[in-house]
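Colleague: I keep meeting labels in structure notes and wondering where they come from. Could we go through a few of them together?

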Amino acid sequence: MMRFFYLVLTVFFLVPTVHANEMIIRDVERLRNSLPAKDPARKELALRLADLYFFAAVDQDKQARLATTGAQVLDQKAARSRQRALNLYRESIRLGLNGETRIKVDFQMARLLDQLGRSSEALPLWRKSYAQKQILNVRREAVLKLAEQAESSNSLAGAEGFYKEALSLCESACNFVRYRLGWVYRNQGQIKLALREIKKALWDKKGQVQEEVLRDYMAFLVQEPGDGSSAVLVVENLMERTGRKGLLENLAYGFYAAGNKTAGTNVLAVVTAHAPNIKNQIRLLEEYYGLRKWDQFRELRERVEPAAISGMDLDSQKNAEKIMRRLAVQLEAEQKQNSSIKAEFLATNSLYLDLFPESEIATKVMRSWLSVEAHQKTKMTKIAAWLSDPRRKFKDAEALELREERARLAQEESDFLVLREEMERLQKMYTSVGKREKAKYLIAQSHYKEGALDKALPLFKELAAFTGSTPSKWSIQAQNLALDIYNQRQDYVTLIVQADTWLGRTWANSTKPTKELMDIHKVREQANFEFATASGITPNALGIFYQYCNAGEFLPKSCVNAKRLAVALKDQAKLMNILRKTNAKEELINEYEISGHYAKSAELLVEKTPLKSNKWSFEQGMKIALLYELAGNFTKRDRWLRPIAKRYHRKAIPEASEQLLYSTLKDARMLKSAALKIKWSKPFKMQLVRYLEESGQSTKQSKKMLLTEKENQGRAWEYYHLRDLFELARQERVMKFYGRGSKRKFQRRLARIRKFDEKANKVLEQLSSESRMQVIALLHHSYNNLGAEVRATPIPDGLEEVAITQIKASLEAMARPFAEKARSYMDLYTTELAKVTDLEKKEVLAAVVTSDVTPKELLTRAVRPEPKKEELKPLAGVFPLLSELHKDPLSRVTVGSLKEFYTKQGRVRLASYYEGRLRLMDGGTK
C-alpha cells in the first residue's frame with residue numbers, strides 16, 4: 001500500500017544512524033542493565049534502547065527485501081527486534097512516563113504491534129493517539145491508521161469518516177488521503193465520487209503524475225457505465241498533459257477487461273482512427289463482429305494492411321492470428337444459417353490468408369473459402385493468386401489439390417485454356433500413370449469441345465493405343481471420342497479401322513469389358529445406321545431401323561425412324577410391333593383402332609381405366625363400348641353399357657350425351673323397362689315409353705306415363721284412349737232409365753254421357769282422322785239414342801188425352817237438347833268426312849255414322865298395334881373388311897365399304913363412325 005507520510009519518530013527526536021549495529025545496542029543494553037531498577041537514568045536508557053531496536057528492525061527489513069538468500073532469517077530477526085523494542089517501551093511506561101513522551105511511546109508501541117500482526121492490541125493505542133491533540137503529526141498518523149483498519153475490516157462508512165478527518169489534518173500533501181478515500185468510494189460503488197477524489201491525487205508537488213494513482217484512476221474510469229465517450233475526453237487530456245500516447249489504448253483494453261465491450265470498442269475505434277495499428281484493428285474486427293456492427297466491420301476490414309503484420313512482435317502476431325482464426329471459424333459457422341454474411345466470411349477468410357500466408361491451417365481456410373464462394377471464375381482467379389504468391393509455402397500435396405480444384409472449376413466453366421494450363425502442370429506433378437492419362441485425356445477433350453478436332457485426334461489416338469492387357473477408363477473414352485471425330489467427318493471407313501484396333505485384340509474375347517465392346521460395336525453399327533438414314537424411304541432402310549429397334553440399339557432414334565418408314569411404306573405389321581416395343585400405349589391404342597383391331601384398342605383403354613375403378617368418364621366408357629361393338633364383342637360392350645346407364649340413375653344425363661346413350665342402348669337391345677330408371681329429359685323419356693309400347697314391353701308405368709300426355713304419342717297412345725272412350729260409350733248405352741227409380745237412373749245416364757263427351761273432347765284433336773271420326777260418330781249416336789229414348793218413354797195407361805199431350809210435349813222438350821247435340825256432332829262428322837280423299841275409305845266412314853254402330857264393334861276394329869321386331873342382321877360380312885383394314889388402315893375403299901355395310905344393315909351409328917373417318921382422310925373433322 002502506498003504511504004505518502006509516516007512519522008519517523010524517536011522518543012527524544014534523536015536521529016540515530018539508520019544502520020545502528022548490534023554493538024551499539026549491546027553497549028546501551030549493558031549500560032542499562034548496570035543501573036539499579038530505581039535509577040531515573042534507567043528509564044531514559046530503556047527508551048533509547050527501544051528506539052535502537054526499532055531502527056534495527058527497519059534496517060533488517062531492508063536487508064530482507066534486498067537479500068537473495070536468507071530473507072526468512074532476517075524477517076525473524078526483525079520480528080525479535082520489534083518485540084524487544086515493544087517490551088522496552090512497556091518497561092519505560094512502568095517506570096513512569098507523562099506528557100508528549102508518553103504520547104510518542106504509545107504511538108511507537110501501536111506501530112510495533114501493527115507490524116507484528118497484532119492489530120487488535122494496536123487499535124486502542126491508535127485511538128488514544130488520535131484522541132490526544134498535543135502532537136498534530138501523531139494525531140494525523142493515528143487517524144490514517146484507524147481509517148486503514150476500518151477499510152480492511154470492510155467498515156467503509158467508518159473509513160470514509162476517518163479519511164475525511166485526515167483531510168482536515170493534512171497540510172498540503174493530502175494525495176494519499178484522497179487516494180484512499182477514492183478507493184473507499186469505489187468499494188462503496190460510488191464511482192463518480194471515487195473518480196473525483198483519486199483525480200485530485202494524480203499529481204505530486206512537482207506536478208509529476210503518480211504512477212500507482214494513474215493506474216488506479218484508469219481502472220476506475222473503465223468501471224463507470226456508459227459508452228466510454230466521456231472517459232475518452234478525460235484520457236485524451238491526460239495524454240496531452242503527460243505525453244503518454246498509450247493511455248487511450250490502455251483505456252480501451254481496460255473497458256474490455258471490465259466487461260464493457262461497447263465502451264471498449266468505441267474507445268479502440270478512436271485509438272485506431274488516430275493511429276492505425278494492426279493489432280488494434282484485428283481486435284476491433286472481432287468486437288465489431290460480436291456487436292454485429294457489419295458496416296463498421298466491413299469498413300475497417302477494408303482498411304487493414306496485411307503488410308503491417310510484419311511490424312508486430314511474435315507474441316502479438318500469434319494473438320492476432322488467434323483472433324483472425326476465431327473470426328474465420330465463427331463466420332463460417334454463421335454464414336451457413338445466414339446467407340447475408342457470406343460476403344463478409346469470404347472477405348475475412350481472404351484477409352486471414354493475406355495476413356498469415358504461412359499459417360498451418362491456410363489450406364483448410366482456403367477449402368472453406370472455396371466451399372462458400374458461389375462464382376466459379378472467382379474461385380479460379382483466387383486459386384491462381386494463391387499458387388503464385390511467393391509467401392505461401394505449399395506442400396506438394398496442397399499445391400496438387402489446389403491445381404486439381406482449379407482444373408475442375410475450369411472444366412465446369414468450359415474454360416478450356418485454364419483447364420489445359422493446369423492439366424499440363426499436373427501431368428508433370430503426377431506420379432500415377434492413370435492420373436497422367438487423365439490429364440492428357442482432359443487436354444484432348446478440351447480441344448475436342450472447342451472444335452479443334454485436328455489437335456484432339458492425335459492425343460485421343462495415343463491414349464487409345466494402350467499397351468496393357470486391358471484399356472483404362474481414359475483409353476476407353478479416348479477411343480470413343482476418336483471414333484466420334486471420324487463419325488463427324490463421315491469418314492466411316494477410317495472409323496471402322498480405328499474400331500478394329502480394339503475389336504481385333506485378344507482382350508476383346510473376354511467377358512469383362514462387355515460394356516466397352518458394346519460401345520465400340522455400337523459405333524461400328526452407327527456407320528450402318530447412318531447409311532440407312534441416307535438411303536431414304538426404302539424397305540432396306542426400314543429393315544435396318546426395324547432390326548436396331550427390336551435389338552434395343554440406337555434408341556430412340558432407331559424406333560422413331562423405323563416407325564416413320566413403316567408408316568410411309570404402309571407396313572402395318574412392323575408399325576404395330578414397333579409401337580409395342582416402345583410401349584407407346586397412346587399411339588398403340590390409336591393404331592389398333594384405325595387398323596380395325598378394335599378389341600385390342602379397347603383392352604388397352606381398359607388397362608388405363610378399369611371398369612371396377614369407376615374412374616372412367618362417360619366419354620371413355622362409351623368409347624370402350626363402341627370399340628367392343630365394332631369388334632363384334634357384344635358381351636364386353638354390354639358389360640360397359642350397363643354401369644354407364646346405371647350411373648345416370650342418380651343424376652341427370654348431360655344434354656350433349658343423351659342422344660348417344662339412347663341410340664347406343666337401343667342398338668344394344670338394352671332399352672327395356674329398367675331403362676325408365678335413367679334420368680332422361682322428357683322428350684327422351686317419352687321416346688323410351690313409346691319404344692317400350694311399340695316393342696311389346698309395355699308396363700303399368702309406361703302405360704300410365706303414356707296416358708298422362710295430352711299430345712298424340714303414337715299408335716299405342718291412340719289405342720289406349722280409343723279403348724277407354726269406347727268403354728265409356730258402351731257403359732252409357734247400357735244404362736236404361738225406365739221403371740222404378742227412373743229419375744235417378746236418368747241422372748246416372750246423363751253423368752255417363754257427359755263423362756264420355758268431356759273425355760272425348762280432351763283428346764279429339766290429337767286423334768288420327770279415322771279415330772276422331774269414329775269417336776264423333778259414337779258421340780252422335782249416344783246423344784241421338786238418348787233423345788230417342790226420352791221421347792219413347794212409356795206413358796201410363798188411363799190418362800186423359802190432355803194429360804198425354806202435355807207429357808209428350810214435355811218429353812219432346814227434354815229430348816230436344818240431346819237431338820241438337822247429336823246434330824252438332826253430325827255436322828262435325830260431315831266436316832271431317834269431307835276432308836277424306838280416299839273414296840273407299842270415305843264410304844266405309846260414312847257407313848259408321850249412318851248405321852248405329854256399337855262401341856263394341858268399333859273396339860274390335862281398333863286393333864292393338866303389333867310390336868315391332870327388329871331383325872338382327874348377320875355381321876359375318878364385316879370381318880373380311882376388317883382384315884383389309886388391318887393391312888391398310890388408310891384405305892378409303894375399305895373404310896367406305898365398312899360404312900356402306902353398316903348403312904345397309906340400318907346401323908346408323910356405326911355407319912356414322914366410318915363416315916367420320918372418311919372425313920378425316922379428306923382433311924376435315926370427324
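Colleague: Is T533 buried, partly exposed or exposed, and what makes it so?

Modeller: Keep in mind that this is a predicted model. T533 has a relative accessibility of 41%. Buried means under 20% and exposed means over 50%, so 41% puts T533 in the partly exposed group. T533 sits in helix α26, which covers residues 514-534. Leaving out residues up to four places away in sequence, T533 touches F545 and N561. N266 is another story: its C-alpha is 80 Å from that of T533, and the two are 267 residues apart along the chain.

Colleague: How do you know that S595 is buried?

Modeller: Its relative accessible area is 0%. The limit for buried is under 20%, so S595 counts as buried. You'll find S595 in the loop between α30 (585-594) and α31 (598-608). Its contacts, not counting residues up to four places away in sequence, are Q572, M576, L882, L885, H886 and P889.

Colleague: What makes S595 and Y592 a polar contact?

Modeller: A polar atom of the S595 side chain lies 3.3 Å from the backbone oxygen of Y592.

Colleague: Why is the link of C549 and C559 called a disulfide?

Modeller: The sulfur atoms are 2.0 Å apart, and the rule asks for sulfur atoms within 2.5 Å, so C549 and C559 are joined by a disulfide. In general, that is a covalent bond between the sulfur atoms of two cysteines. The structure holds 1 disulfide. C549 belongs to helix α27 (residues 539-551) and C559 to helix α28 (residues 557-568), so the link ties together parts that are 10 residues apart in sequence. Both cysteines, C549 and C559, are buried. The link is right-handed, with 95 degrees about the S-S bond.

Colleague: Why is the pair of Y352 and F356 called tilted?

Modeller: Two values matter for any pair of aromatic rings: the distance of the centres and the angle of the planes. For Y352 and F356 the centres are 5.4 Å apart, and pairing needs them within 6.5 Å. Their planes are at 55 degrees. Stacked is under 30 degrees and edge-to-face is over 60, so this pair comes out as tilted. Y352 is buried at 0% relative accessibility, and F356 is buried at 8%.

Colleague: What makes F618 and Y648 edge-to-face?

Modeller: Their planes are at 75 degrees, and the limit is over 60, so edge-to-face is the label; the centres are 5.8 Å apart. F618 is in helix α32 (residues 618-630), while Y648 is in the loop between α33 (634-647) and α34 (655-667), so the pair ties together parts that are 30 residues apart in sequence. F618 is buried at 7%, and so is Y648 at 4%. The count comes to 26 aromatic pairs.

Notes:
Residues numbered from 1 in each chain as written. Predicted model: local features only at pLDDT ≥ 70, side-chain atom pairs only at ≥ 80, totals over all residues. Heavy atoms only, no water. Helix = DSSP H or I, 4+ residues; strand = E, 2+ residues; numbered from the N terminus. Buried < 20%, exposed > 50% of the residue type's maximum accessible area, 1.4 Å probe, protein only. Phe/Tyr/Trp six-rings, centres within 6.5 Å; stacked < 30°, edge-to-face > 60°. Polar contact = N/O pair within 3.5 Å; in protein donor to acceptor, adjacent residues only side chain to side chain. Contact = heavy atoms within 4.5 Å.
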